[in-house]
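Take a look at the chain below.

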Amino acid sequence: GQTNLEPIYLDFIDRNLPWDKQAEDASKKEWKLNKYLSDRTPLNRDTHDGRHATCGERLYQKHLPAASVVLVFYNEALSVVLRTVFTVLKESEPRLIHEVLLYDDCSTIDELRAPLERSIAGYPKIRLVRAPERGGLVRARLFASREARGEVLLYLDAHCEPTPGWLEPLLEPIAKDRTTVT
């Protein structure tokens, strides 16, 4: 993974304003998560390596396939989606990520339009595909698989944060046997 990166924040949030407890409480009620805090937390924050020490010492094959990491989302908080994207990139060896494919299953939230497009501009490994109509998770994953260009498809929820060393244990069994599902 990549370390010592400058923090990346949403460009439309003024983090210099005083904390607004009412706005925080409202975000919890509306989103069922603390979106107020999420919007103010670095999108590429450090993640904890929770592996047992011996797992971090394990060596993997040198030649592993490059993955298309597919994130299907529908009306998720922008900061949550972007944190997943940037954490995938930060906690992965660049050679192992062909692309991060964002598949928007016809979201209706404004921040998932221009703000999302602006946030991923300039990152050649991030690609956005928008569904013409809502299809649901399974159909969206199938459509996204047709768009993916990597050697391996890897599906993640759009609201998770991979930790150091997450990718190699998934790719190595596939490198050994292309019919393997991990």
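Leu 154 has its place in strand β4. The model is a predicted one. Is Leu 154 buried or exposed? Leu 154 counts as buried, because its relative accessibility is 8% and the cut-off for buried is under 20%. Which residues does Leu 154 touch, leaving aside its neighbours within four places in sequence? Its contacts include Ala 67, Ser 68, Val 69 and Val 70. Trp 166, Leu 167 and Leu 170 are also in contact with Leu 154. Leu 5 makes another reference point: Leu 154 and Leu 5 are 149 residues apart in sequence. In space, their C-alpha atoms are 25 Å apart.

Now to a helix. Helix α7 spans residues 168-176. Glu 168, Leu 171, Glu 172 and Ile 174 are buried there. They cover an arc of only 165° around the axis, so they lie on the same side of α7. What do the buried residues of α7 pack against? They pack against β1 (67-73) and β4 (152-157).

Next come the aromatic rings. A pair of aromatic rings is described by the distance of the centres and the angle of the planes. How many aromatic pairs are there? The count comes to two. The table lists them.

| Pair | Centre to centre | Between the planes | Type |
|---|---|---|---|
| Trp 19 and Tyr 36 | 4.7 Å | 90° | edge-to-face |
| Phe 86 and Tyr 123 | 4.9 Å | 70° | edge-to-face |

The pair of Trp 19 and Tyr 36 links distant parts of the chain, 17 residues apart. Trp 19 is in the segment before α1 (21-31). Tyr 36 is in helix α2, residues 35-38. Trp 19 counts as partly exposed because its relative accessibility is 46%. Tyr 36 is at 9%, so Tyr 36 counts as buried.

The pair of Phe 86 and Tyr 123 ties together parts that are 37 residues apart in sequence. Phe 86 lies in helix α4 (residues 78-90). Tyr 123 lies in the loop between α5 (114-120) and β3 (126-130). Phe 86 is buried, with a relative accessible area of 5%. Tyr 123 counts as partly exposed, at 32% relative accessibility.

Charges meet rings too. The ring of Tyr 36 has the charged end of Arg 40 sitting over it, 3.6 Å from the ring centre. Over the ring of Tyr 9 sits the charged end of Arg 15, 3.4 Å from the centre of that ring.

Note on methods
Residues numbered from 1 in each chain as written. Predicted model: local features only at pLDDT ≥ 70, side-chain atom pairs only at ≥ 80, totals over all residues. Heavy atoms only, no water. Buried < 20%, exposed > 50% of the residue type's maximum accessible area, 1.4 Å probe, protein only. Helix = DSSP H or I, 4+ residues; strand = E, 2+ residues; numbered from the N terminus. Arc of directions from axis to C-beta. Contact = heavy atoms within 4.5 Å. Phe/Tyr/Trp six-rings, centres within 6.5 Å; stacked < 30°, edge-to-face > 60°. Lys NZ or Arg CZ within 6 Å of the ring centre and 35° of its normal.
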